[in-house]
Amino acid sequence: MTTLPVDNPMNVDESPDTRAPLIIGHESFDTVTAEICRVNEAKKPPRAWYIAMAMSVSLLGLLGCMVGYLIFTGVGVWGNNNPVMWGFPIVNFVFWVGIGHAGTLISAILFLFRQKWRTSINRFAEAMTIFAVICAGLFPGIHIGRVWLAYWLFPIPNQMDMWPQFRSPLLWDVFAVSTYFTVSLLFWYVGLIPDLATLRDRATSKIKAFSYGLFSLGWRGSMRHWHRYERAYLLLAALATPLVLSVHSVVSFDFAVSQLPGWHTTIFPPYFVAGAIFSGFAMVLTLAIPARELWGLKNFITLRHLENMAKIVLLTGSMVGYAYGMEFFIAWYSGELYESFAFVNRAFGQYAWAYWIMVSCNVITPQIFWFKACRRNIWVLFVASLFVNIGMWFERFVITVTSLAQDFLPSSWGWYEPTWVDFVTFLGSFGLFMTLFLLFIRYLPVLAIAEIKAIMPAADPHAHDHDEEAHE
Amino acid sequence: MNTTLNATTEQLHLGAMGKKFTGVGVTLAVIGVGGTLALASSAGAETFWRAYLFAVSAAFAICLGGLFFTILQHIVRAGWSVTVRRTAEGLAANLKWMWILLVPMIVLVWGGNGHLLYEWADTDLVAHDYLLQKKAAYLNPTFWCIRMIAYGAIWAVLAKFFVGHSIAQDADGNVSRSSAMQMLAPIGIVLYALTQTFAAIDWIMSLQPTWFSTMFGVYYFAVSCTGCFATMIILLAVLKNGGKLGNAVNTEHFHDLGKMLFAFGVVFWAYIGFSQYMLIWYANIPVETGWFFPRQMGEYFYVSWILIIGHFMLPFVVLVSRWPKRFPGVIAAIATWMVLMFLVDVYWLVMPVVPTDALINSETNDALVAAVEAGEVSIGWNPHLIQLTAIAGVLGLVLAGWAFALRRCSLVPVRDPRLPEALAFENL
C-alpha cells in the first residue's frame, strides 16, 4: 500500500488500496501542538469572534430578560394552551437534547468503531454536546411554573413524603438527561487533561499556568498516567455508548407511552436516536465550517472530515425518512381511523406548512449528499446543515403540536400559536449556547491535541518496519 | 505486525472439508425435507405451512444478515473484516437460489389456499371483517405474491453483484471491483432495508393481520443480526479447527465478531424488543396488546422468559468481558447457544397467533384468557416434529449452499486491497 502525499490539499480521494492521511501538513508532533495552541495563545481572537460574542451575549441577555419576565408573570406569557399544553418548551428541549447527541456519538461510538478521523472533531463536538444539554435542561426547568421548586423534579426524601411520579417518562427523563450530562462532562474533562497540561506547560503568564495547571490535575505525561488515562477513556466510552441510545429513547417515551395518535408508535425510540444524531452532526458541521476557516484549522478538519460527516447526515437523514414513511404506512395499514387521521392531518391539515418544511429539510435536503460534488462543497455543506437544523426543530414542532391540537374529539380541538416571548426565549437559548461555545474556543484546546498525535503516522510504532502500512 | 498472508493454498480452500460440509448439509436437508414431506399429511396443512414459514423466516434471516454484513463492510470501507467477509458472502450467496423457497408459498397464496397460513387470505373472513377489508389493498394474494417475487429478485441480484465481484477479484486482483462495490453499496443497503422490512411485515407481522408495529422491520433486522453473526462465528471456528485459514483469521477477528454479536445480536436486539414491548404494554390498547397476548399465555409465557434470560441476560453477562470473545472455542460455544436462541426467537415470532375473531369478539381480556384456558380459543401452541424437520431441512440447505458457493474460490478474499489491514489488525 502507498500513502497519498501529505500535502494533498483535498485529502478526500481514497482509492481502495490507499488510506488518505487523517490530517495533513504535519510531519511532527510539535507543529501540531503549536498550530492548535495558536487558537488559545493568540493575543487576540479574530474580529469575527468579537462580533459573534457580542451577538451571543446580547441574545443571552435577552434570554435572561425573558426568563425573568416568565418567572415574574407566569407561564401564561407563552402560547401554551389547552389542548396544546406542551408548546415551545418541549419542542426546544427535544431540539437541544438532540443536538447534544453528536458529541457522545463521535467520542464514544466512533471510538469503539475505531473511526480515527473522529479525533479532529471530537473535542468541540463534545463541548457542543455539553452546552446543548445545558440549553435543553433550561426549558423543562422554567416550564414547571414555580422555578424555585425545580428540585422537586428529583426524588429527594422529604418530610411531606412527596415523591415524583415514578411511572412517568418525564421523571425518567430527569435521570436519563442528568446521567448523560454527567458522563459526557466527565468524558470531555478526562480527554482534556493531557491537553490542559500542554497549555499549562506552554503558558506565558502565571495566571494561565496556575489555572491550566489546576485543572490538569498534576499531569506529567508519565507512562503510568497514560496507561490509566487510556483505560479510563475506554471505560467511559463503553459507559457513554448505551447513553447515546438511552437518552433520546427516553425522550421519545415522553410521547410514545401515551395513547395519542401520532405519538404512540413503536419505532419512536430508534427513530428519535437517529434524528438526534442527524441534528447533532448538522450542528457540528454548522460550527466546524466557520471555525476551521477563522482559526486556520483546515489541516486538521480537512475536507474529508466534512465529507464523512455529510455521509453520516445522509445516512441518519434517510433513517429519519424511513421512520416517517413507516409511520405513514402503518397508520394506513393499522386501519385505525385516528391513526390515519393524525398523519393525513399532519401532511394536509392546518399545520401542513410545518410538516412540509420538516420533510423538505430532513428528508429531501440530505439526499444531495449522494453526490460527491455536494459533499465537497463548503457552501453546500454549510447551507444544508442549516436546513437540517431548521428541519429537526420543525420535526419536534410537528410531533408535539399537531398531535395535541387535533386528537380524538373535534370538540376539544384547538390551535396553537406561539407568542413573542416563546420566540425570543428560543432565540435567547442560542445566545446561551453560542456564548459558552465561543468561550470554549477561546480558552480551551479546541481540538484533541494528544489524540490527534496518536493517529499520526509518526505515532505508529511499526511505521518504520512497514512503511507501506503506516496508515493502517 | 504481520501483513503477509501465511497460509497454504490448501488452507485457503475448502477442499476435502467442503465435501464434509456439503455432506452434513445435504444429509440434514434430505432428512429434513423428507421428514417434513412425510409428516405433512399427518400434521395437517396448517401445521405444515406454519412450520415451513418458521424455517424460511429463519433461513432468510441468516442469509440476509450475511448480505447486510457484506454490504456494510464496503460502505464503511472496513479493513479489519476483509478476511471474515468471504464467510458472510457465502451465506449471502444462498440468496441467489433461496427465492425457490418462496415459490411454494407463492403457489399456495396465489392458488387461493393462502388461508392455510394467513387469515387475510381467507375470503370468507375478509368478507365479514371491516378491518381486513380496509387492509385488503395491501394484504391481498396478488400483491403479496408480486412482493415476494420482487424480494427474491432483488436479493438475488444484490447477492450476485457483491459476492460475484468479490470472488472475481480473487482471480484478477482488480482494485476497481472494490471501488464498484463501494460505489453501489449505499444503494444496496437502501434496497436491503426496504425489502427486509416489508418481507418481515408480509411473512410474520401479517400472520395476525389486525396487529401492527412500526418497529417490526427493525426487530427482524436485529433477529437477522443475531442469526448471521452467530453463524459466522461457528463457521469460522469450524474452519479454523479443521486447520484452515492460516493466519488470515485469528483471535482478533473472533474478538471483533464477538463484539458485533454482543452489540447487535444481544444488546440491540434487547433494546428493540424492549422498546416495542414497553410501549405497547404501557399504552395498553387492545388491538396492539393482542399480539403479546398469546406470548404471555400458557407455554409461550415460558418461551418469552427463555428469550429474556437466554437471549439477553446470560449472553450479556458472558460477552461483556473481553476474554470469552478471544478464545475461538468459547466464543463458538456462545455462538451456538445464540443460534439456538435465535431459532427460539423466530419460533416465538411465527407460531403464537390468536384468531382475529376471538380477539375481536371477546368482551374483556379476562374472557379471552378464560376462553384460552378452556381450550375454546387456540393461541397456536403446537410443538410438532415437523417444525424440527423443516428447520433442519432448510438449515441443511443453507449449509450445503454455503459450501457450494465457496467450493472453488478462496476462503479469504486473497487479493482484496485492504487484506493487509485485516492481517495486521490488533485489538489493543
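Modeller: Start with A:L217, which is exposed at a relative accessible area of 56%. Buried means under 20% relative accessible area, exposed over 50% and partly exposed in between, with a 1.4 Å probe and protein chains only. This is a predicted model, in which local features need pLDDT of at least 70 and side-chain atom pairs count only at pLDDT 80 or more, while totals for chains, interfaces and linings use all residues. Residues are numbered from 1 along each chain as its sequence is written, chains are lettered from A and ligands numbered from 1 in the order in which they are written, and side-chain values use heavy atoms, with hydrogens and water left out.

Colleague: What is the phi of A:L217, and where does A:L217 lie?

Modeller: Phi is positive, about 55 degrees, although A:L217 is not a glycine. The residue lies in the loop between α7 (206–215) and α8 of chain A. Helices here are DSSP runs of H or I with at least four residues, strands are runs of E with at least two, and both are numbered from the N terminus.

Colleague: What about A:D161: is it buried or exposed?

Modeller: A:D161 counts as exposed, at 57% relative accessibility. Its phi is also positive, near 60 degrees, and it is not a glycine either. A:D161 sits in the loop between α5 (122–143) and α6 (169–202) of chain A.

Colleague: Which residues does a cis peptide bond join in chain A?

Modeller: The bond is between A:N82 and A:P83, with omega about 20 degrees. A:P83 belongs to the loop between α2 (47–73) and α3 (88–99) of chain A.

Colleague: Next, A:W263. Where is it found, and is it buried or exposed?

Modeller: A:W263 is in the loop between α8 (223–256) and α9 (268–294) of chain A. With 5% relative accessibility, A:W263 counts as buried.

Colleague: How do I read a pair of packed helices?

Modeller: Two packed helices are described by the angle between their axes and the distance between the axes. Here α10 (residues 303–333) and α14 (residues 378–405) of chain A pack at about 30 degrees, their axes 11 Å apart. Axes are lines fitted to C-alpha atoms, for helices over the stretch in contact, and angles run from 0 to 180 degrees between N-to-C directions. The two helices are therefore roughly parallel, a term for angles under 35 degrees.

Colleague: Which residues make the contact?

Modeller: Among them are A:L303, A:A310 and A:Y324 of α10(A), and A:I378, A:V388 and A:E395 of α14(A).

Colleague: Now chain B. How many residues of α3(B) are buried?

Modeller: Twelve of the twelve, so α3(B) is largely enclosed by the rest of the structure. This helix covers residues 82–93 and reaches 17 Å from its first C-alpha to its last, close to the 16 Å expected at 1.5 Å a residue; the expected span is 1.5 Å times one less than the number of residues. Its buried residues pack against several helices of chain B, including α2 (45–75), α7 (141–172) and α10 (251–283).

Colleague: What does B:H253 touch?

Modeller: B:H253, in helix α10 of chain B, is buried at a relative accessible area of 0%. Not counting residues up to four places away in sequence, B:H253 touches B:W80, B:T83, B:V84, B:A248, B:A422 and B:F425. Of these, B:T83 and B:V84 are buried residues in α3(B).

Methods:
Contact = heavy atoms within 4.5 Å. Parallel < 35°, antiparallel > 145°, perpendicular 65-115°, else oblique.
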